[in-house]
Amino acid sequence: MSAAHDTHGHDGHHDEGASHGSLKDYLIGFFLSVVLTAIPFWLVMGDVLASKSATAIVIMAFAVVQVLVHMVYFLHMNGRSEGGWNLMALLFTLLLVVIVLAGSMWVMYHLHMNMMPVHDMRQLP
Amino acid sequence: MSQSVTADSTGDLTARYFDLHEHDHPEGGSTMLGFWIYLMSDCLIFAMLFAAYAVFGGNYAAGPSPRDLFDLDLIALNTAMLLFSSITYGFAMLEMEKGKVGATQMWLAITGLFGAAFLAIELYEFSHLIHLGAGPQRSAFLSSFFTLVGTHGLHVTFGIIWLVTLMVQVAKKGLIQANKRRLMCLSLFWHFLDVIWIGVFTFVYLMGMLR
């Protein structure tokens with residue numbers, strides 16, 4: 001990066017740092033989050049779906065969508081804020097979160113599987 | 001670059017590789033990115049606690065299960081409080097951008113009240129559980145439950161302390177640039193806590209009732 005470029009380009013650099021929401025953004029975000037919160041609570045409290053695993057999958061999907069809604073409408077995430085570094089940090093964090101959660105559950109599930117016979121010790125020959 | 005090269009054409013390459021004429025960095029210019037990275041590290045703390053809960057959540061030690069303990073009406077109310085506090089903080093930010101001190105302070109105060117209501121309900125729930133004998137020492141499920149939900153509650157507590165501090169700052173100095181930056185950081189923090197709460201009510205409370 002040249003010195004000349006720096007002195008000229010620097011003023012505009014910080015203006016694009018934080019993006020602001022409008023009233024419309026906040027209201028859309030609020031409306032969507034109310035809907036996305038109410039439906040999972042209704043599904044569980046009213047025993048709407050017969051299958052528990054189906055209910056679990058649906059409410060997890062609602063949670064993922066609601067997190068995205070909050071990110072976009074309340075935290076004003078987009079690919080441009082802080083020159084894209086916000087998004088990069090978020091994606092890196094999500095990668096680590098997925099590794100931590102999926103890895104822990106995977107390992108512990110197998111551990112439980114291997115410890116199963118303990119309960120049937122008396123029936124062993 | 002051409003200027004610096006011609007000035008140092010004698011062979012001193014320092015100016016070529018180092019920024020000798022340091023330009024001004026506006027105060028707090030990198031604060032928002034730094035704060036975002038802090039939030040991401042906080043996100044990792046919660047990921048660990050969620051992982052611990054996912055692993056221990058089924059170990060009741062012959063004690064009570066989520067179905068015996070959780071009251072979804074209370075959690076729905078709690079969730080509503082946090083959601084309302086998110087939108088009122090948004091209104092505070094909109095008034096801040098317009099430069100209206102009074103309206104900003106009013107929305108901040110309302111946000112603080114919703115946050116306090118959330119905390120009060122959560123503390124009531126905790127004390128109720130402990131009264132039932134379902135305290136954090138009862139089982140691995142309850143230990144990880146209290147750690148995860150308690151850590152979130154602790155974040156909300158510090159958020160409220162921060163909010164009151166900023167209200168005093170705004171009352172004393174007005175909506176100066178530094179205060180606006182601080183309010184924007186707290187905005188990220190506050191909305192971030194709401195995002196974490198989505199995970200808590202989905203994975204801990206709703207999924208707990210499905211077990």
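Visitor: How many residues does the contact take from chain A and from chain B?

Guide: Two conventions come first: this is a predicted model, in which local features need pLDDT of at least 70, side-chain atom pairs count only at pLDDT 80 or more, and totals for chains, interfaces and linings use all residues. Residues are numbered from 1 along each chain as its sequence is written, chains are lettered from A and ligands numbered from 1 in the order in which they are written, and side-chain values use heavy atoms, with hydrogens and water left out. Contact means heavy atoms within 4.5 Å. Here 47 residues of chain A and 50 residues of chain B take part.

Visitor: How much area do chain A and chain B bury between them?

Guide: Buried area is the accessible area (1.4 Å probe) that two parts lose on being put together, summed over both. For chain A and chain B the value is about 4,300 Å², with 82% of it on carbon and sulfur atoms. On the side of chain A, Tyr26(A), Phe41(A) and Leu75(A) lose the most area to chain B, together 15% of what that side buries.

Visitor: Which helices of chain A supply at least two residues each to the side that touches chain B?

Guide: Helices are DSSP runs (H or I, at least four residues), numbered from the N terminus. The helices concerned are α1 (3-15), α2 (23-45), α3 (52-74) and α4 (85-115) of chain A. Of these, α4(A) gives the most, with 12 residues.

Visitor: How much space lies in the largest pocket?

Guide: On a 1 Å grid over the protein atoms alone, a pocket is an open set of points with protein on both sides within 12 Å along at least five of seven lines, and lining residues have an atom within 4 Å of a point. A volume is the space filled by probe spheres (1.4 Å) set on the points, which are joined across faces, edges and corners. The largest pocket holds about 1,300 Å³. Of its 39 lining residues, the closest to its centre are Val97(A), Leu101(A), Phe50(B), Gly199(B) and Phe203(B). The helix α4(A) gives the most to this lining, with 11 residues.

Visitor: How do the lining residues of the largest pocket divide by class?

Guide: Ala, Val, Leu, Ile, Met, Phe, Trp, Tyr, Cys and Pro count as nonpolar, Asp, Glu, Lys and Arg as charged, and the others, Gly among them, as polar. The lining has 32 nonpolar, 6 polar and 1 charged.
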